[in-house]
Amino acid sequence: KEDNLIRQKFAVAHGLGHLFRGHTKEKYTCSTFVGNQEEAEANRFAGEILIPKSVLTFTIYIKSSIPSSKLAEYFDVSNEAMRYMLQKYKLRP
């Protein structure tokens with residue numbers, strides 16, 4: 001049940017990514033795992049909305065030894081999304 005909510009939040013943020021990036025329906029599908037540029041852009045947008053760099057950086061600063069799984073729980077996102085954003089923001093290897 002909790003996992004479904006996490007997926008739903010990501011799906012909404014992903015859809016907003018398509019909207020704000022000007023992607024048209026004809027060019028994308030609802031799957032976030034299709035390997036094209038527009039899907040990758042929508043995924044990055046979703047990650048940045050759900051895990052803002054400034055908030056993540058501050059959280060890591062306050063709780064320096066917090067594992068990524070606890071960060072994912074704190075931000076209410078998947079472990080995969082948290083690991084991706086930590087690498088993207090170069091906050092952890």
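**Figure 1. Overall architecture of the predicted model, built from five helices and zero strands.** Along the sequence the elements follow the pattern α-α-α-α-α. The protein has 93 residues, of which 32% count as buried. Among contacts with a separation of 6 or more, 56% are accounted for by residues 24 or more positions apart.

**Figure 2. Packing of helix α3 against helix α4.** Two packed helices are described by the angle between their axes and the distance between the axes. Here the axes of α3 (residues 53-62) and α4 (residues 68-75) come within 12 Å and cross at roughly 130°. On the α3 side, the contact is made by V55, L56, T59 and I60, and on the α4 side by L71, Y74 and F75. By residue class, this contact comprises six nonpolar residues, one polar residue and no charged residue.

**Figure 3. Salt bridge between E41 and R21.** The structure holds five salt bridges, and the pair shown here has its closest N and O atoms 3.4 Å apart. E41 lies in helix α2 (residues 37-50), whereas R21 belongs to the loop between α1 (2-20) and α2. The two residues are 20 positions apart, and their pairing links distant parts of the chain. The relative accessible area of E41 is 16%, which is under the 20% limit, so this residue is buried. R21, by contrast, has a relative accessible area of 48% and is partly exposed.

**Figure 4. Salt bridge between K88 and E48.** The closest N and O atoms of this pair are 2.7 Å apart. K88 is located in helix α5 (residues 79-88) and E48 in helix α2, so the bridge ties together parts that are 40 residues apart in sequence. Both partners are assigned to the partly exposed class: K88 has a relative accessible area of 31%, and E48 has a relative accessibility of 36%.

**Figure 5. Salt bridge between K70 and E73 within helix α4.** In this pair the closest N and O atoms are 3.9 Å apart, and the salt bridge cut-off is 4 Å. K70 and E73 are three residues apart in the helix, about one turn. K70 is partly exposed, with a relative accessible area of 45%. E73 has a relative accessibility of 58%, which is over the 50% limit, so this residue counts as exposed.

Figure 6. When residues up to four places away in sequence are not counted, A13 touches F45, A46 and L50. One of these, F45, is 32 residues from A13 along the chain, and the C-alpha atoms of the two are separated by 7.3 Å.

Definitions and conventions:
Residues numbered from 1 in each chain as written. Predicted model: local features only at pLDDT ≥ 70, side-chain atom pairs only at ≥ 80, totals over all residues. Heavy atoms only, no water. Axes fitted to C-alpha atoms, helices over the stretch in contact; angles between N-to-C directions. Helix = DSSP H or I, 4+ residues; strand = E, 2+ residues; numbered from the N terminus. Contact = heavy atoms within 4.5 Å. Nonpolar A, V, L, I, M, F, W, Y, C, P; charged D, E, K, R; others polar. Salt bridge = Lys/Arg side-chain N within 4 Å of Asp/Glu carboxyl O. Buried < 20%, exposed > 50% of the residue type's maximum accessible area, 1.4 Å probe, protein only.
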